[in-house]
Amino acid sequence: MILELRAGVSGALRRPARPSPERAVMLGVGVAIGAAWVVAVSMFGSGAMSITGLAMGASMTGSMPAGTAPGPAMLMWTMMVVAMMLPATLPAVAYVGSRTLRWRRRRAMVTFVAAYLLVWLGAGLMLLVVSQAWARVREDVLLCLALLVATAWQLTTDKRRALRDCHRSFPLAPRGWDATRSELRFGLRNGYACVRSCWAMMVVMAVATSATVFWMATLTALVSAEKLSRRPRQAIRMSAWLLAGAAVIVGVSGLAG
Amino acid sequence: MNTSTAPYVRKNVWTLPSADPTVAEYSAAVATMMTRPASDPTSWTYQAAMHGTHATSTRPLWNGCQHGTWFFLAWHRLFIYYFEKIVRAAVVGAGGSTGWALPFWDYGAGGEQATLPNAFRGAGPAGHPNPLHVAKRRPGINTGLALPTAVTSAARALARPGFVGTAQFGGGITGVGQFSGQYGEVETTPHNDVHDFVGGNGGVMADPQQAAADPIFWLHHANIDRLWYLWSSDPAHTDPSDPRWTGQKFSFFDANGTQVQHTPADVLDIVGQLGYEYEGAPPAPPAPPAAPAAPTAPRVAVSSPGPPASEPEREPVGGSTEPVQLTGVPATVEIEIDERAASAALAGSGGTLPDHVYLSVSDIEGEQNPGSVYGMYVNLPAQASPQVAESHHAGNLSFFGLERAREPQGDEPAHGLAFTREITALANKLVSDGEWDGTHVTVTFRPLGLIPHDQPELSHALPDDLSSDDPPVTVGSVTILYG
């Protein structure tokens, strides 16, 4: 499906012969991604913070006050998911549009995106709960461990299967409640596959307390490369090497510090 | 690969003179290759595994076949070209014909030619097994029943104007991959259909990871290669000039077991570049231009990403509301054409139908290929005779590669099978016959069966052994699209 999806993006963004409702949605999602990055850079560009730290009321540098968890943490998580996960999901959004009757295309694509984000929000909530377990661990140790876990996950069969599932298509009913339900199910299934594939890298993101924009950009590049590459196994292996290298650097600098 | 000698001639296996040694030499060469160790690239086991194998430990170039992709034809042309060289070396080594060439099975000619060639049927006497015989074939194939015209005819494929695209001749744009889901017309019918029809449920030919171990595989693919040659010989048809296609490298083993590498650009001229021709085929067309993407040849030029120029924009106007399960018996899907979507798609045309009408069958999944081939019929009346069914025939649905699509190897994403057929001519006929009202379409799936070769009128008849015991296959979506 990946090529079909890739063609779907270019098709959705190309100026069509007939009015194209999917183009507006694709541009809307693109604007949301851009806005999320602008917010991220403006929030983190001059400082650092972590989602889990925010959830626990840790000090932070930025516009958001400390000690307002978990609401702000979830907002930040949502912003990160939009910035980091939606770019590689654009082909699936376009695919939904291409398989839907023209007059309900926008609704279908938005429904899919909403269901997809819902899964990631659930994952974020779980992460915030679980993060209490490592509240007392030193930050550089935590980041190093998260990077090692992410490296190990990249090398598993489950990771490859999850990434493959990100590319599975789904039968979409043409209209009515059947259509809405199938779009929701597709969004949930695609989101679940994406969480299974990328959870470890997002844990890295959640515990990174410095150079936040750097980590966001790097992990976004890795996630996008895996999902959009014609050679995903190669991309996975490359990600694993990079994550392992980062773990070594973080570990060594932690020891030196 | 250039050759200056007279080209080898690939002949029709069914019209060889009785004294012609081609098939006997093939049989002896197959037997010789079967005695070679599996580690030898010129062995039968190794060659079959290059197409696909269930072996868990693999060797160089195993599992390399290309399906559901615009590389399907070029990869298989090279595959059988080097196999032919290996067989020829074995034939010559045994003192046989130096001009040996792989025969083709032209099942599309109908009649007796639609049956498995005689030399491939019998198991052979005790102690002297026939190397060309495979027991795991569809019941009836080895006893001389014929493939119906519905699955052997390449007429639809040869009539496609373009090479690139899922409703065109050669397949959609993909990367290198064994089952990439972008099937061209010729890959579906007759290629996939014949694989399933010969193999049947659990048969060798119906399983891409065993198929090349059936000696008839190579004659089947020689015919598919011949069909590509015939299609390309039409001056109105153009092979891809996209560098992503012409420049893709694939590797094979020559008769010495040495690895060689070629691209599709190396195989466009079978006489000039490869040194063979087909009996009964028209003369080779002029050699293709060396430089890709000439601006004067835009029909299938696809130098930029996205659908090629020959593929009009497609607009879904109606689809099935729930998946349908196929178990070996007829099944019907009801589709409501959405008035708003159809009106938008027809805007400005003023007609009942647009320029192009497509039938798309997608998200096809199952645990096991049942080996069945279904005819797909649009607005088929109940209890229709085979003749009436033929007049409503929109194409076939078969499941070659179903398991591999679900559990791919290597870099492919998992997916259900998907096929798109252009049904414009059929829809226009149904409109003129008053059988297409533009609001409601039924698509009927009817299993096709083997028939006596002297009763071609039964091509669209339901099989005598109709039963619902097939391993189930789920068709997720059936969609009508306007273009």
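**Exercise 1.** Is the crossing of helix 8 of chain A and helix 11 of chain A right-handed or left-handed? Describe the packing of helix 8 of chain A on helix 11 of chain A.

*Solution.* This is a predicted model, in which local features need pLDDT of at least 70 and side-chain atom pairs count only at pLDDT 80 or more, while totals for chains, interfaces and linings use all residues. Residues are numbered from 1 along each chain as its sequence is written, chains are lettered from A and ligands numbered from 1 in the order in which they are written, and side-chain values use heavy atoms, with hydrogens and water left out.

Step 1. The crossing of helix 8 of chain A and helix 11 of chain A is right-handed (left-handed if the near helix is turned anticlockwise from the far one by less than a right angle, right-handed if clockwise). Helices (H or I, at least four residues) and strands (E, at least two) are DSSP runs, numbered from the N terminus.

Step 2. Helix 8 (residues 157-165) of chain A and helix 11 (residues 232-256) of chain A pack at about 130°, with their axes 11 Å apart. Axes are lines fitted to C-alpha atoms, for helices over the stretch in contact, and angles run from 0 to 180 degrees between N-to-C directions. Because of this angle, helix 8 of chain A is oblique to helix 11 of chain A (under 35 degrees is roughly parallel, over 145 roughly antiparallel, 65 to 115 roughly perpendicular and the rest oblique).

Step 3. On helix 8 of chain A the contact (heavy atoms within 4.5 Å) involves A:Lys159, A:Arg160 and A:Leu163, and on helix 11 of chain A it involves A:Pro232, A:Arg233 and A:Ile236. By class, this contact of helix 8 with helix 11 of chain A has three nonpolar, no polar and three charged residues. Ala, Val, Leu, Ile, Met, Phe, Trp, Tyr, Cys and Pro count as nonpolar, Asp, Glu, Lys and Arg as charged, and the others, Gly among them, as polar.

**Exercise 2.** Determine how helix 10 of chain A packs on helix 11 of chain A.

*Solution.* Step 1. The angle between helix 10 (residues 212-228) of chain A and helix 11 of chain A is about 155°, and their axes lie 8 Å apart.

Step 1. The crossing of helix 10 and helix 11 of chain A is left-handed. Among the contact residues are A:Trp215 and A:Leu219 of helix 10 of chain A and A:Ile236 and A:Leu243 of helix 11 of chain A.

Step 2. The residues of this contact of helix 10 with helix 11 of chain A divide into twelve nonpolar, one polar and one charged.

**Exercise 3.** Characterise the packing of helix 4 of chain A on helix 6 of chain A.

*Solution.* Step 1. Helix 4 (residues 71-84) and helix 6 (residues 105-130) of chain A pack at about 135°, with their axes 10 Å apart. Helix 4 of chain A is therefore oblique to helix 6 of chain A.

Step 1. The crossing of helix 4 and helix 6 of chain A is right-handed. Contact residues include A:Trp77 of helix 4 of chain A and A:Trp120 of helix 6 of chain A. The contact of helix 4 with helix 6 of chain A has twelve nonpolar, two polar and no charged residues.

**Exercise 4.** Which residues of chain B are joined by a cis peptide bond?

*Solution.* The cis peptide bond joins B:Thr189 and B:Pro190, with omega about 15°. B:Pro190 is placed in helix 6 (residues 185-199) of chain B.
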